[in-house]
Amino acid sequence: MGLANAALDLKEVYRSGWIKAGVKEGETVAEHSYGASIIAMALSDIEGLDTERVIKMTLLHDIAEGIVGDITPDQIPRAEKKKHTQKAMDEILERLPEKLQNQYRNIWNEYVEAKTPESILVHDSDKIDMLLESKRYKDAKPDVLNDIRQYAKAEISSKRADIISDISF
């Protein structure tokens with residue numbers, strides 16, 4: 001499966017957390033990736049980071065879910081998810097020209113390692129999008145929705161705590 005097909009498949013992969021919360025018409029991974037990308041772009045520009053790299057990273061961050069699906073933290077251990085996701089990412093990238101394979105693999109690895117300001121921002125944008133999206137789901141199971149919100153808040157770096165404190169529920 002190539003990059004374009006993986007991206008197209010994300011339009012049909014529904015976010016597992018919202019399904020568990022009983023949301024009747026939840027977002028797809030493609031919709032989430034778009035929202036996270038917009039958030040990441042704005043935050044990166046505000047903070048003076050490498051916005052082009054941030055956008056590429058955000059667009060790639062969930063691309064493997066076109067193959068493995070949207071795996072939530074309670075489904076399998078993180079190490080196992082990482083192994084499946086890496087295998088899928090390798091499969092997606094192998095059809096690209098070598099130059100792009102190397103570039104996108106480096107960006108992907110940077111995201112996975114979460115040590116650079118850009119990669120931390122992408123992780124935060126991912127969770128900020130999740131928090132914002134959770135506000136839209138009035139028909140969700142409150143206990144599951146609360147668990148999702150708590151998880152998202154706990155994962156956002158303290159540098160951006162002011163952003164999440166402005167999100168009221």
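Mentor: Ser-125 is found in helix 8, where helices are DSSP runs of H or I with at least four residues, numbered from the N terminus. This is a predicted model, in which local features need pLDDT of at least 70, side-chain atom pairs count only at pLDDT 80 or more, and totals for chains, interfaces and linings use all residues. Residues are numbered from 1 along each chain as its sequence is written, and side-chain values use heavy atoms, with hydrogens and water left out.

Trainee: Is Ser-125 buried or exposed?

Mentor: Buried means under 20% relative accessible area, exposed over 50%, and partly exposed in between, with a 1.4 Å probe and protein chains only. Ser-125 has 0% relative accessibility, so the class is buried.

Trainee: Which residues does Ser-125 touch, not counting residues up to four places away in sequence?

Mentor: Contact means heavy atoms within 4.5 Å. With residues up to four places away in sequence not counted, the residues that Ser-125 touches are Ala-36, Ile-39, Ala-40 and Leu-43.

Trainee: How is helix 3 oriented to helix 8?

Mentor: Axes are lines fitted to C-alpha atoms, for helices over the stretch in contact, and angles run from 0 to 180 degrees between N-to-C directions. Helix 3 (residues 29–47) and helix 8 (residues 117–134) pack at about 125°, with axes 8 Å apart. Angles under 35 degrees count as roughly parallel, over 145 as roughly antiparallel, 65 to 115 as roughly perpendicular and the rest as oblique. Helix 3 is therefore, relative to helix 8, oblique.

Trainee: At what angle do the axes of helix 4 and helix 8 cross?

Mentor: Val-54, Met-57 and Thr-58 in helix 4 meet Glu-118, Ser-119, Leu-121 and Val-122 in helix 8. The axes of helix 4 and helix 8 come within 9 Å, and the crossing angle is roughly 45°.

Trainee: Which residues of helix 4 are buried?

Mentor: The cover over the buried residues of helix 4 includes helix 1 (3–9), helix 3, helix 6, helix 7 and helix 8. The buried residues themselves are Thr-51, Val-54, Met-57, Thr-58 and Leu-60.

Notes
Helix = DSSP H or I, 4+ residues; strand = E, 2+ residues; numbered from the N terminus.
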